[in-house]
Amino acid sequence: MTDHVHDLLGIGVGPFNLGLAALIDDAAADLDVAFLEQKPAFNWHEGMLIEGTTLEVPFLADLVTMVDPTNPYSYLNYLREQNRLYEFYFYEEFFIPRREYNDYCRWVADQLPSLRFDQRVTDVREDDGVFVVETVDSVTGDRASYAAEDVVMGIGTQRHIPDQFEDFLGPDVFHSASYLHNRDRCLDADSITIVGSGQSAAEVFRDLVERQPDRAYSIDWITRSRGFFQMADAKLGHMIYTPDYIDYFYDLDQETKDQLLGSQDLLYKGIDGETSAKIYDALYRNSIGDAEPDVGLLAATEITDIGPARSPGEGYQLICEQWQEGDRFLHESEVVILATGYTRTDPPFLAPLEDRIRRDDEGRLTITRDFRLETDGLAGEIFVQNAELHTHGLNAPDLGLGPYRNATIVNAVADEEVYEPRSADTFQRFSVDDFVAERGAHRLESAAPKPSDGA
């Protein structure tokens, strides 16, 4: 084992751990940290950096600003260093191009000496009261060992591929995460089917339908969801994307949390309003005059199986079931794009610690308010990034709350208040305690029965 013991080791370098590394780099506390990433460089969803797509949160939701607006790793300082402040000023947009967000993150990553790329973590164990993290170099195959008091996991989510498609993955059947790598193949196809109805599916459909007038392909968009619905998006509703709501949600009982999350899908899983409008506008333009765009959209339909098309070499046959009508049908397509989302799985490198990690009755990680795993007998702490949806609520994957979570982790690792925790101080109160205290209301002794949602 190496003799050098870091204060904190980060596993994975996505936006959340990158933001944590940036906050620590500029912090007053003297923390010895390193962040390990298996890829050769930072790249954020590079297969979905489609022209015209934007970040779904305002540019202020960069890596650091919501906690430390004067931090040198802010988006505004990136613009200044790129001599683009005036260009951005006249751009007059709150939502920046996704390609520029990726370029901004790469600019930050290039300046942080704590990042180690091409380091795939294979094992995490405890030895003499510290965590030992084993890695293998993705290029050379060389093995290395790191030690740290605490660990933070920021490994993100993995592509979700429904079982029936696993054996057919290839250049003609692929996940939307690799869309740009396969777009030329799509443009040469006779028929394309997109599966799913989230933001990724919508962005791929939009890109293809806008290019369709110059091409010969047909496009079908099929989802098992009830419709192609827009994400709920309004200023009053945005007040739940705050640390205050995290406090409120965390204190609810788990049954209520699960019920609440089940009713909040359209707060973070739907299609954003601009993308939805641009798709409709493209369909409208493509249908002017006698034109009939070769497009099909069908909701409430699950693709239950896939096999070769009836004519050899001409694509795939999809078995589809419309679950509201109970009807089944066959649909053929040369290319199938799986916009089927992402899923979180436990990383295999944590297996040596599995019997020390606490889980709830559903097998989910139990996580403290300050984003630590609850463990038995481990000397150090394992912090998590975006693994706490079931405990902390829908803000877990939100880029705008990433700096807040990172500030909380920095304070816990440093064991001092490096960054001042602040409430959001919005107009809404979430708990009865807060409302009663602020508005002079009087609490009743017995709780009333819970009304139905929306009452």
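Where does Glu92 lie?

Analyst: In this predicted model, Glu92 lies in the loop between H3 and helix H4, the latter spanning residues 98–109. Glu92 is not a glycine, yet its phi is positive, at about 55°. Most residues other than glycine have a negative phi. The relative accessibility of Glu92 is 67%, so Glu92 counts as exposed, the cut-off being over 50%.

Asn83 is placed in the loop between helix H2 (75–81) and helix H3 (85–91). Because its relative accessible area is 68%, Asn83 is exposed.

Thr301, in strand E12 (residues 301–308), has a relative accessible area of 1% and is therefore buried, the limit being under 20%. The side chain of Thr301 reaches the backbone oxygen of Ala299 at 2.9 Å. Beyond its neighbours within four places in sequence, Thr301 is in contact with residues including Ile222, Thr223, Arg224, Trp323 and Phe329.

Helix H6 is also mostly covered, with ten of its 13 residues buried. Among them are Ala201, Ala202, Val204, Phe205, Leu208 and Val209, together with Glu203, Arg206 and Asp207. The length of H6, residues 199–211, can be checked: at 1.5 Å a residue its 13 residues should span 18 Å, and its end C-alpha atoms are 18 Å apart, so the two values agree.

Key. Residues are numbered from 1 along each chain as its sequence is written. This is a predicted model: local features need pLDDT of at least 70, side-chain atom pairs count only at pLDDT 80 or more; totals for chains, interfaces and linings use all residues. Side-chain values use heavy atoms; hydrogens and water are left out. Helices (H or I, at least four residues) and strands (E, at least two) are DSSP runs, numbered from the N terminus. The expected span of a helix is 1.5 Å times one less than its number of residues. Buried means under 20% relative accessible area, exposed over 50%, partly exposed in between (1.4 Å probe, protein chains only). A polar contact is a pair of N or O atoms within 3.5 Å; within protein, one must be able to donate a hydrogen and the other to accept it, and residues adjacent in sequence count only if both atoms are side-chain atoms. Contact means heavy atoms within 4.5 Å.
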